Amino acid sequence: MASKCNLSALFPIQSQLDDALDNATNQQEKENLVYQYLKKLDDKDDLRIPDFDEGLEWLNTEGPLSFTRELAGKVVVLDFFTYCCINCIHILPDLHQLEKKHSVKDGLVIVGVHSAKFPNEKVLQNVQSAVLRYNITHPVVNDGDARLWHELEVACWPTLVLIGPRGNLLFSLVGEGHRERLALFTNTSLRHYRDQVLLSDHLVGTKLYRDSLPPSLLSFPGKVAVDSSRKRLAIADTGHHRVLVVSNIGLVLYSIGGPESGRKDGNLDEATFCSPQGIVIKGDTVFVADTENHLIRKIDLLEGQVSTLAGVGFQGTDMEGGAMGPQQPISSPWDLALGTAGGEEDNMLWVAMAGTHQIWALFLENGKLPKRSESKAGTCVRFAGSGNEENRNNAYPQKAGFAQPSGLAPAPEEPWGCLYVADSESSTVRSLALKDGAVKLLVGGERDPLNLFAFGDVDGKGVDAKLQHPLGVAWAPDQGLLYVADSYNHKIKVVDPKTRQCLVVAGTGEAGDVLGPGLTESSFNEPGGLCVGEGGRVLYVADTNNHHLKVLDLDTKTVSLFPISLEDAVDSAPTKSSGPCKVPKLPKSASRVKMPPLAVSPGQTVNLELVLSLPEGTKLTEDAPSFWTLSAEGNEWLVGNQVVTGDIQNLSQPLSIPAILPTVLKATESSPSLTLSVWVYCCLAGGGACMMKAASFTQPLQIGSTPRNGSVTVTLAHAF
């Protein structure tokens, strides 16, 4: 690459324009200043920039681009970014807005120049995943050695550089938050060069990477949470902009949001999200970090409603907070965790506020942070972090510095009494004391608080251990161990807080999607989140770039795929539903019982009394929970358009399953019926062989026209 002009030559000229624009009083004055600036640049012949190196890897194009060929006659916006950087993510909506307003035919081309911070980010496949994850449709070049970055003397991520139709430097914008000035520079440049007849309307060949991919059930799942008491998991299906609630054997109970991104509260079947990440499930409530909407949302499964608890729907810059949630702007919440602060148990949410490099608190009920006055329910406020992007530990929480905190794991029990934080950009795991907010290093990084490049892949103790952009942490209270998703090392690691020793648990260190035979022979691809289940015996891992949820059995030292029972795989347009799309299929061996018609009335309750007998000498299997589903195929309105499900834990007495009929009937061409299906897992009482038994009962209904109260009971009996 021949040496040509760089940004150092542009800064003295543009700084005069920037000062003048800061003092301008109206839009017309600003446009005139930019127009005069461009005329001055036209007289300079020394602002041409070097071209892209040959042999670079390109995405979303039919081939390499050059300023002397495809980009000649265009105004080009170069976006120097690295995909781990939250600030780089923040400017993507600004670029999307430009692309909507000005087409390639109008003379504008945006080119992402990926200049990696971490070694893992230099790999083409990982850049491809990021392009998909962030819905980038403009051309992207993988400049793994940052050649153009160094030639132009770019200093930080993100940096936008505007290039004129002759390959000449026009403007530079450093950092985020320049939407208005970017639009001003771009609009005026297009108008100026169009008037000079220097723009070309030729197209630039595009070939979107996403169009070549097969469909997948999950798309870049970011986080996973478990509710052990209900034996359910919640999955942030980030790339599909939805939340899945599934049973612990993979039956989809609820699918909320998707296929497209959006920002809408309301019924489960109409609510929308935008790249949700952090997720918490407790009982019938799911809390969601709706990351790219800059919101914290609540899903009430019992009421069938989604509501907004915090955020205003666009990126905030406030680093203090203190307002009521729906009035408090926030920035890229990446993870959530329930906590207790000066009140009832689980009276608040901890928030990893990646966009402002801080830890915040959202109070669900009245409470009090350490050394603070009481906060009313609904208050959203900063707890720790100065807002500076640093690896700074401090006894005073407001003086500590985080660098894109992305994972949270409370360990409230003594002697821990802290919140563990996966601080991704400093490649550390930190602890935040719940009693006073003191921030300390657990593992990773180094002692210089300004060095955010102390990453690696080294087992060890404290600062001697090295991580690479960890995104998730999970606490196992029974074992007193902390598990870490060491995302860019493609590994799962474990930390003993007593000794601060960090060791690898699973993963080869290379991106892949191999299962076993053992934990360290299994591979992952940028796992973004994990949670602990089965009393610490199992880890559920969101294997983000593999589009899978994986299960690590720590007893048997094996890794398996978590089976999600949604019959039709989805691509970028998953079926939108507030419940499972279909009842899971019964095996061919299942017994099918059709009951005689039952006379009922609108508004009545049909009590289905289930009586099951296991084969002699067997008992229910605890580790493979048995369950039932109630459906009404073809007449789903009978069960509220959902597949109702529940666990079977005891067969010593009848199991009563109520079905309340609607008071208002819908016209139907078929005779309505209820179907109760059961899956029973049992094993020999003395150990050894285990088996699965299944059966279904179809109960036709003869529904009268007059609504009535009361109930009707029918017994459904079967011996396996």
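In this predicted model, Gly533 sits opposite Val538, a residue of strand β34. Strands of a sheet are held together in pairs by backbone hydrogen bonds, and the pairing may be parallel or antiparallel.

Stepping back, β33 and β34 belong to an open sheet of four strands, arranged in the order β33-β34-β35-β36 with antiparallel pairing. The edges are taken by β33 (529-533) and β36 (558-561); each has a single partner strand, so one side of each has no neighbour in the sheet. On average, neighbouring strands of this sheet are turned by 25° against each other, direction ignored.

Across the whole structure, five cavities of 30 Å³ or more were found. The largest cavity has a volume of about 210 Å³, and 19 residues line it. Nearest its centre lie Arg133, Tyr134, Gln277, Trp334 and Leu471. Sorted by class, the lining of the largest cavity holds eight nonpolar, eight polar and three charged residues.

The second largest cavity has a volume of about 60 Å³. Its lining is made up of Ile89, Arg133, Tyr134, Thr238, Ser275, Gln277, Thr291, Glu292 and Trp334. In this lining, three residues are nonpolar, four are polar and two are charged.

Note on methods. Residues numbered from 1 in each chain as written. Predicted model: local features only at pLDDT ≥ 70, side-chain atom pairs only at ≥ 80, totals over all residues. Heavy atoms only, no water. Pairing = 2+ DSSP bridges. Helix = DSSP H or I, 4+ residues; strand = E, 2+ residues; numbered from the N terminus. Axes fitted to C-alpha atoms, helices over the stretch in contact; angles between N-to-C directions. 1 Å grid on protein atoms, 1.4 Å probe; cavity = no way out; pocket = protein on both sides within 12 Å on 5 of 7 lines; lining within 4 Å. Points joined across faces, edges and corners; volume = space filled by probe spheres on them. Nonpolar A, V, L, I, M, F, W, Y, C, P; charged D, E, K, R; others polar.
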